[in-house]
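Me: I would like to go through this model with you, one topic at a time. Please keep the answers plain.

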Amino acid sequence: MQEVKDLLQLLGEPCNVVITSHRNPDGDAVGSCLALKYILEKKFFNVKVALPSEFPDVLAWMTDADDILVYDREKERVIEAIEKADIVFCLDFNTLSRIDKMGEAIAASSAKIVMIDHHLYPDNFAHILISDPEGVSSTCELLFVVFKEAGWLNILPSESLDALLVGLITDTGSFKFSIRTKTLSHASEIVALGGDIEKVQDRLNNHQSEKWLKLLGHCLSKRMIIYPEKKAGLIYLTKKDYIDFNILRGDTEGIVNYLLQLDVVHVAGFITEQPTIIKVSLRSKGNFSVQQMASEYYKGGGHKNASGGSFYGSLKQAISLFEEAIDKYKVEIIQSY
Ligand code: 5GP
Ligand code: MN
């Protein structure tokens, strides 16, 4: 891959590196940032991981998670790190608008930008662009391919291997979707090199709080709407729910996927009323592309089966828009699976 050769050339001398990922970072975002950080530090680079917003508590066990800078709580330190950076890595996202003000700082900096990502339709802002929306499950999987091409597999620290597994596992729902034969062989290679898949699965799946399970119960019993004639389902959360359940970033991760367990649901929506914005997550099983729906209705994007976007207006309006979208596409949704 020419891009990997270019990357190795760029990484010729140790220098200051910032690694970032998207707002509301998930396991693939945090996993890819940390996996790259550990190996670059081993190569004597000075690395800061800086994220736009808080990462989920369920990832706090990861090595150096405490050192991650979060723009929402320490703007000055993040901006200073970007200003000092010689190289900025943008992992698991493909448009600078997904990282808000941090994106402006990166666009204004003189650092070389490297994007490694698996979302559809990348923007053209990186000096080195490694993008694969079709062939890999996750940015962590793509990063593994990059490490392999770079000839780094034998020097990857065990923390990098575990962090790569975090992204593979979260973006495939524990190897339930987005899996190609290659994904399984890459996971197997990572484990053969020393990745502790049992530990990572355990950390990700068996350490939720009581609060999280109660919130899930509330979503399923009080906030779920099923549209059987359109093969769609929706869960929504109000501002008051956020207060009543003390919902923090990451607590709602994965809830939308429960809808897809229903036979009658081919397309699932999860709509949450945040302080200044309505956030929308869309998921599908089968052939219907929620990427298109997210971009058409909620100015968002993502992947065919998992996308998101946002909406300025009331929760009620955002729900009506979802109902409008599933009505418009009902034939495609019904036939898609
Ligand atoms: P989630 O629903 O978990 O927030 O996101 C699902 C997928 O959609 C992720 O791959 C994420 O990157 C993408 N996504 C979520 N929100 C947005 C958004 O506002 N804009 C764009 N372009 N993509 C989004
Ligand atoms: Mn991802």
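Me: How many disulfides does a search of the whole structure find?
Reply: The search finds 0 disulfides, a disulfide being a pair of cysteine sulfur atoms within 2.5 Å. This is a predicted model, in which local features need pLDDT of at least 70 and side-chain atom pairs count only at pLDDT 80 or more, while totals for chains, interfaces and linings use all residues. Side-chain values use heavy atoms, with hydrogens and water left out, residues are numbered from 1 along each chain as its sequence is written, and chains are lettered from A and ligands numbered from 1 in the order in which they are written.

Me: Is Cys-90 buried or exposed?
Reply: Cys-90 is buried, at 0% relative accessibility. Buried means under 20% relative accessible area, exposed over 50%, and partly exposed in between (1.4 Å probe, protein chains only). Cys-15 is buried as well, at 16%.

Me: Now the metal. Which residues coordinate the manganese ion (ligand 2)?
Reply: Asp-28 (OD), Asp-92 (OD), His-118 (NE2) and Asp-171 (OD) do, at 2.2 to 2.4 Å. Donors are N, O and S atoms within 2.8 Å of the metal (3.2 Å for Na, K and Ca); water is not among the atoms, so sites may look incomplete.

Me: Where do Asp-28 and Asp-171 lie?
Reply: Asp-28 lies in helix H2 (residues 27–42) and Asp-171 in helix H6 (residues 158–171), so the pair ties together parts that are 143 residues apart in sequence. Helices (H or I, at least four residues) and strands (E, at least two) are DSSP runs, numbered from the N terminus. Both Asp-28 and Asp-171 are buried.

Me: And ligand 1: what does Arg-98 do there?
Reply: A polar side-chain atom of Arg-98 lies 2.6 Å from an oxygen atom of ligand 1. A nitrogen atom of the ligand is 3.1 Å from a polar backbone atom of Gly-301.

Me: Which strand gives the most to the shell around ligand 1?
Reply: S12 does, with 4 residues. Strands S10 (278–284), S11 (301–302) and S12 (306–311) each supply at least two residues of that shell.

Technical notes. Polar contact = N/O pair within 3.5 Å; in protein donor to acceptor, adjacent residues only side chain to side chain.
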